[in-house]
Amino acid sequence: MDNNDLLIRLRYALEIKNSQMAEIFKLGELEVTVPEVVRILKKEDEEEETDRIKLTNSMLNSFLNGFIIYKRGKQEPKPGQATAPEPPIKNNSSVNNILLKKVKIALSLTTEDMIEIFKYAGLNVSKGELGAFLRKEGHKNYKVCMDHFARNFLKGLAIKYRG
């Protein structure tokens, strides 16, 4: 699953309009117009050459950061607190982990909520397994979130929110 597929599935699950998508990208400090959003959301067609915009890791990260701000509001740093620059998505294998973390933050989901969302999609995930997905890359218990987990999480979100 590529980044465009993840964004298409997230958009469907949460019923986000194109204009809202552009606004979310802007909150994540990336200027994307509504026509560009449409090109990002185009399905890849093998037979014909399309003008689809390929979503890079940094573009997806900007969207997810903007999504957190869109749902929870901008968080001002506390006095005396330095703002640590966020590390970029290092490689394609950690994209699904970042997606789970940031959607969890944006929607204020608890671990139990996330386990329930996985169950909606017919997948049983333990607390320990979910914790391993949500760990920082490089931690000894970190586990890469495979595509089928991300796909089922987004499917469960769609069932929960579109019901």
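Biologist: Which residue just after H5 takes a positive phi?
Modeller: That's Ser108, with a phi of about 55°. Keep in mind that this is a predicted model.

Biologist: Okay, and H5 itself, what span should its 12 residues have?
Modeller: H5 covers residues 95-106, and at 1.5 Å a residue it should span 16 Å. The C-alpha atoms at its ends are 16 Å apart, so the two agree.

Biologist: How many of the residues in H5 are buried?
Modeller: 9 of the 12, so to speak a mostly covered helix. Among the buried ones are Val95, Ile98, Leu99, Leu100 and Val103, and Asn96, Asn97 and Lys102 are on the list too.

Biologist: What do those buried residues pack against?
Modeller: Five helices show up there: H1 (3-14), H4 (57-72), H6 (111-120), H7 (127-134) and H8 (147-162).

Biologist: Speaking of H8, is Asn152 buried or exposed?
Modeller: Asn152 sits in H8. Its relative accessibility is 17%, and buried means under 20%, so Asn152 counts as buried.

Biologist: And which residues does Asn152 touch?
Modeller: Leaving out residues up to four places away in sequence, Asn152 touches Ala121 and Leu123.

Biologist: New topic: where is Pro35 found?
Modeller: Pro35 is in helix H3, which runs over residues 34-40.

Biologist: Buried or exposed, and why?
Modeller: Exposed, because Pro35 has 55% relative accessibility and the cut-off for exposed is over 50%.

Biologist: What separates the C-alpha atoms of Pro35 and Ser19?
Modeller: 9.4 Å, with the two residues 16 apart along the chain.

Terms used:
Residues are numbered from 1 along each chain as its sequence is written. This is a predicted model: local features need pLDDT of at least 70, side-chain atom pairs count only at pLDDT 80 or more; totals for chains, interfaces and linings use all residues. Side-chain values use heavy atoms; hydrogens and water are left out. Helices (H or I, at least four residues) and strands (E, at least two) are DSSP runs, numbered from the N terminus. The expected span of a helix is 1.5 Å times one less than its number of residues. Buried means under 20% relative accessible area, exposed over 50%, partly exposed in between (1.4 Å probe, protein chains only). Contact means heavy atoms within 4.5 Å.
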